Every structure is written in C-alpha cells, then in structure tokens.
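Me: I'd like to go through this one with you and ask what stands behind each label. Ready when you are.

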Amino acid sequence: MFLLRTTFPLATLALSALLSQAPAQAAQTVSASRAGQEEKSPFFRQREAVSEAIGAQRWDDAIAQARKLLQLTTPVGNPYEQMDAAELLFALLHHQGRYAEVIEVVDRMLALARTYEDGPIAGQMDALVRRGLIEAVMVGDEAALSRYLQALRDEARLYPGLWQWDAEHRRINYLAAQMTLPLKAGRWVLVRVEPPKAREDGASFEYLYVKPDGRRVLARLRIGHDERLAGMGLQDRQKTLQEERPSPDGTQDRQSGQVEQMAALGFRDMLQIQYTTREKYGSQDLRIQHWAAMRGSWRLRVRLEMLEEDRQAAAEQLPVLWQAMRWPQAPELPVGMPQRLREVAAAWRHDADWPRAARLAAAALPDAIYPAEVASLNAVIGIAAFKAGDMAPARQALDRAAQARPYASLDSLQEDSLQYAAEIAAREGRDEDAARLMRQYLRNAGGLEYRWVVQPMPQAALRNQQTGRLLPMRAAGFHLQEPRDSTRFTYRDLATEQTLGLTVDMKLPASPQQREKLLRTVLERQFRLQAGALRTMSYSPRTRDDAQRPVGEKWVFEVASGTAAGTVDLAPSDGQPAIKRAIFWIVEQGGAHTLLRASVATQQQEARAQQLADALTW
C-alpha cells in the first residue's frame, strides 16, 4: 500500500479500495456492478474491466486494460474521463514499481494537454506535474525532475517583480519576504506554488516527502504579510498565536500538554507554537502537525500531513526541509496600502472624480509591489489620462497595467481597462491589437447562452449562431459592453460615457398605436421619463443581404426626466444635463424586431447616437 492524500484523484482511491478487498470479495463487487452494463458507455465498461483485473490482482492485465482505457479518451474525448483514466494507470504502474513508465505517460499527457485549443481543464496540469515529480524522485531521474520543475514554474505564473526562480541551484526566492525555499531538498520536492495576487494574500507552497517505498508526507507552507503585527507587543503576539490553536471538535483531537513536538522552525527572532490535530479521511487516520509563527510583520503557517505510521520518518526528515530554507530577515513593508487602494477606488467608483483618483494612485504607486496593486493603480492612471485626452501617458500606464494583469485577479476595473487600451489601439491604427483586446474583454462574458460566439481573428464581433447576425465589438467609437443576456446589449462611448441599449429578437405590436402605447409605458414606468410629443420617420438600416432589406423606423419622444432611476442607457448621470429626447431605431426582420435606444440631452449626443445606428449592420 501507499499513502493516499486528499489531493489524489478518485482513480487512486478506487484502486486502494479494491486492493484492500480479498480477491473473492472484489470479484463479487465487480460482478454486482455489472448490472445494467449494456447501458453504460464504452469508457465505463472498460473501466470495469480494469477494476475486475485489480480485484483479481492480475496486475499486468490491469495495467494493459488501463492503457486501453486511456486510449479511449485520447487524443480527444471527455477531459475528465481522460484524467481519471490517466490517474488509474499512474496508480497501477506506481504500485508495481514501474516508475519510469509513469514518467513516459506523464510526458505524453503533458504534451497533449498543451495542444488543447481551450487549454487544459482546471487542475489537470497541476495533477500531471505533481505525479511526474513524485515518479522522478522515486526513480532518481534528474532530467525528468528538471522538466517537471520547469512545468511547475510555468503553471505557477510567478510575477517577475516578486519572484526569482533559480533552476541551477534549485531554489525559489520570494522577494517581498526575502525568503528562499528549495525546489528539492533530499527527498522533499516542491509540487505546488500559489503566489499571492494581492498584499492580503499569502504565498502558499506544497512539498512532498517521497519515501523510498513510495509513501508520501505532505507539507503545506503559507507565508503572508500582516500589517496589524507592526508595533504589536510581545504579550499580544503570544496571545494572538495561542488563539490559533483549534478547539476539539468532531474531526480534530487536540491533546493539550501531550503533544509530541517535532523540529522547530529555525529562524531567529521568531515566535512560534506547535500543536497536533487528527483527521479522518475515509478509513485512514491522518496526523496533522501544525506550526504557527510570527516574525516581524509576517505570519508563517505550516501543516504537515501524514499517516501515524509515517510520523517517525517525517520527524527525521523534516530538518532537511527546514535547513534548506533561508530567511535572513523579515522586511517591513510600507503600511496603509489597503486603505490607500480603498481611497483610490472611492474616488473613481463613487465620486467619478478621475483626476483625484489618478493623483492618489500616482502617490501610492511607488509602494506597490503586488500585481493587483500595480495593475489597479496603473489602470486608474491610464483611464484618467484617457478621459483627459492625454493618449500617450494613457497608453503607457495601461501597458504597465497589462503587464501585471495576468498575475492579478481580473476585477471590473481591469476588465474596463482592456476597453480603453483597445480604443487607443484603434485610434492609432493598431487594428489587430484593438481586436485582441476587445475579444479579451468579452471572452468570459456571461449571458450569451451559446447563441452568440466570438468571431475568430481578425474580426472583432459577436455572431449569432442561429441568424448569422454580427454585432461589432466597436462601432463609431462605441464599445460593446458585457451582455446583460442573449438579447440585451449595451454600447458605450468611453470618452463621453454615453450609452445606448440594443435589444434583439423582440416581438412588438403590429399596430402603431399599440406600439406607441407600449413604448410610452416603458419610458414612464421603467425609466421614469414623462413622454411627450412623438415624431416618427423612416430609417434605412445597413444590411448584410440587400435581397432581404428590413423595414426601419425612427421614433423620437420629447421627454421630461423624473428621478431617472432607470437603466444606464436612459438615465442621466450625476452632473449631466437633463434628458430631452428618447430615441428608438426600430428594425423589423423575419417577424422579429431589433431596437436601438438612446437618451439624449444635447444635439451632439443625438448626432453620436445616429452615428452608431448608421454603423450597425441589421
């Protein structure tokens, strides 16, 4: 048997369950599972063939059947079935000591995953790299170890301003904390890195100690900056540390005063405590050894997970990992950054005061070291410069935001900055860059419900898969916003914040009188606009097919605004002149209607709205 971890897939657990049964019992289990087999997919029927061979302990046959199972899912197929089949084969080969063969399959699966058009599924690369690292340690394959460590680095997406990866000496440097950790130390190997995106996040590391018999011990480390520790006295620090000890509950059994201590963290000027908990995972009893420590304004937590019978080996090998870690000092980071970021956000989000937001962002930028900080502050500076008409500094700041964006969480500000960068690119004639940025903005848009798809490059448009209609991502200087759903869209002028709403596939009354009554009701009840005189006129829309030219009309209502608590495309913004007219461009085609609607306060706004109406293809 080998140590099972909670991070291992179901395939490994299934193998463990069958291995723990007597052959006769396993055969009965497989026989019972055959009920209704003819209704199962080829994948599940082949998987049962693997299970039957495992139950009978026909290991060569089980491996052969597992290889056939994997072949059913490659090179294309259900990626989750593919990973399940791969892990089952890995577990069988590992169980039989055929570690080099596992490495061959891992390499093949990694190469295949990198060819997927939509990228690997969540956790796929992590699982493959972890498995490869385990087997490389088992067989002592230094070349494979180096390959998988490089793959680990690629998957971790380490922000260059925070990290240094030293492949030659096999170590990783976390620059913010001035801490160096090993990529490999003895039979300890780094299998996962989760870098912080923001200052309040911690950096997480996972190490596996791979025993010569193939069993594993897992060590999870997490280090994070906590500015609340700055200036905290010794007594308060000790009290805070003690509060981290869990109280006994249904899954934890802390025996105060009877905890068997393991090697302490070996850094000077560090406060630390150590305690033990126990957890049940299936039929296994896991022993969890915890370290909680403080040094300067940094917190370090370690969680060592093992089976009870591996405790002695873990205790003996833990100093190897500790001694390979270097932390000469715990640097103090500038305090107050979270508050400064909140002030910047309040200036642009609540007050719409972009000049003030830019000044606050520029003042905070020298202290920004985490990717979320660098991306957000530069985005604010860039957007503010765009709104002021300063395109060169706007592009420079937005480029800096773009460099940090892949390492940060994509929030609404970062999404918005993509549009401003796209508009600058379009104005400069960099059409491919503009299309790429607009596609990036809309790539994760919700509400499309598979009816609309993003057109391939170089087009920057959404295409309706049923009708073939195209919605440009940019038209007449207006940008298509994230759709509200599959029928309602918004176009926005980034320079003036003028917005127009577009609704497709509507059913309007055929009678002009009923149609007018409906639109007046919508204006008054939904947008709180008092509709007055109405003017209607013909409208000739652009079309994709001259042979099926649709019928178009333009309806203009004179309106008086109330509290304007409506949707953004018809409600005036704070500080803006009152709305004077609500305009609808109505196009009927194939029994359905499309409406473009705008609220305008000035002749300039009306002219810009007409430019969008003329630019769209109906």
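Me: Which exposed residues does the face of H12 turned away from its buried side carry?

Reply: Pro355 and Arg359 are the exposed residues there. Exposed means over 50% relative accessible area, buried under 20%, and partly exposed in between (1.4 Å probe, protein chains only). Two things to keep in mind: this is a predicted model, where local features need pLDDT of at least 70 and side-chain atom pairs count only at pLDDT 80 or more, while totals for chains, interfaces and linings use all residues. Residues are numbered from 1 along each chain as its sequence is written, and side-chain values use heavy atoms, with hydrogens and water left out.

Me: And what makes H12 a helix with a buried side?

Reply: Helices are DSSP runs (H or I, at least four residues), strands are DSSP runs too (E, at least two), and both are numbered from the N terminus. H12 covers residues 354-364, and its buried residues are Trp354, Ala357, Ala358, Ala361 and Ala364. Looking down the axis of H12, they fall within an arc of 130°, so they line one face of the helix. That arc is taken over the directions from the helix axis to the C-beta atoms.

Me: What do the buried residues of H12 pack against?

Reply: Helix H11 (337-349), helix H13 (371-387) and helix H15 (412-427). Contact here means heavy atoms within 4.5 Å.

Me: How do you know that aspartate 353 caps H12?

Reply: One of its side-chain oxygens lies 3.2 Å from the backbone nitrogen of arginine 356, at the N-terminal end of H12. A polar contact is a pair of N or O atoms within 3.5 Å; within protein, one must be able to donate a hydrogen and the other to accept it, and residues adjacent in sequence count only if both atoms are side-chain atoms.

Me: Why is leucine 152 called buried?

Reply: Because its relative accessibility is 4%. Leucine 152 sits in helix H8 (residues 142-156), and it touches Val129, Trp165, Leu190, Val191, Arg192 and Val193, leaving out residues up to four places away in sequence. Valine 129 is 23 residues apart from leucine 152 along the chain, yet their C-alpha atoms are separated by 6.5 Å.

Me: What makes strand E5 mostly covered?

Reply: In E5 (residues 188-194), 5 of the 7 residues are buried.

Me: How do you know that E5 pairs with E6?

Reply: Two strands pair if DSSP finds at least two bridges between them. E5 and E6 (residues 203-210) are joined by 6 bridges and run antiparallel, with phenylalanine 205 in E6 as the bridge partner of valine 193. On the other hand, E4 (residues 184-185) and E5 pair over 2 bridges, also antiparallel. E4 and E5 form a hairpin with 2 residues between them, and glycine 186 in that turn has a positive phi of about 60°.

Me: Why is one side of E11 and of E13 left without a neighbour in the sheet?

Reply: The open sheet has 3 strands in the order E11-E12-E13, paired antiparallel. E11 (452-454) and E13 (470-472) stand at the edges, each with a single partner strand, so one side of each has no neighbour in the sheet. The twist averages 25° from one strand to the next. E11 and E12 (residues 461-464) share 3 bridges, and valine 454 stands opposite leucine 462.

Me: What makes alanine 85 buried?

Reply: Its relative accessibility is 0%, so it counts as buried. Alanine 85 belongs to helix H5 (residues 79-95) and is in contact with Phe43, Leu69 and Leu70, setting aside neighbours within four places in sequence.

Me: Why is glutamine 178 called partly exposed?

Reply: Its relative accessible area is 33%, so it gets the label partly exposed. Glutamine 178 is in the loop between E2 and E3 (179-182), and it has a positive phi of about 55° although it is not a glycine.

Me: How do you know that the bond from threonine 74 to proline 75 is cis?

Reply: Its omega is near 5°. Proline 75 lies in the loop between H4 (59-73) and H5.

Key: Axes fitted to C-alpha atoms, helices over the stretch in contact; angles between N-to-C directions.
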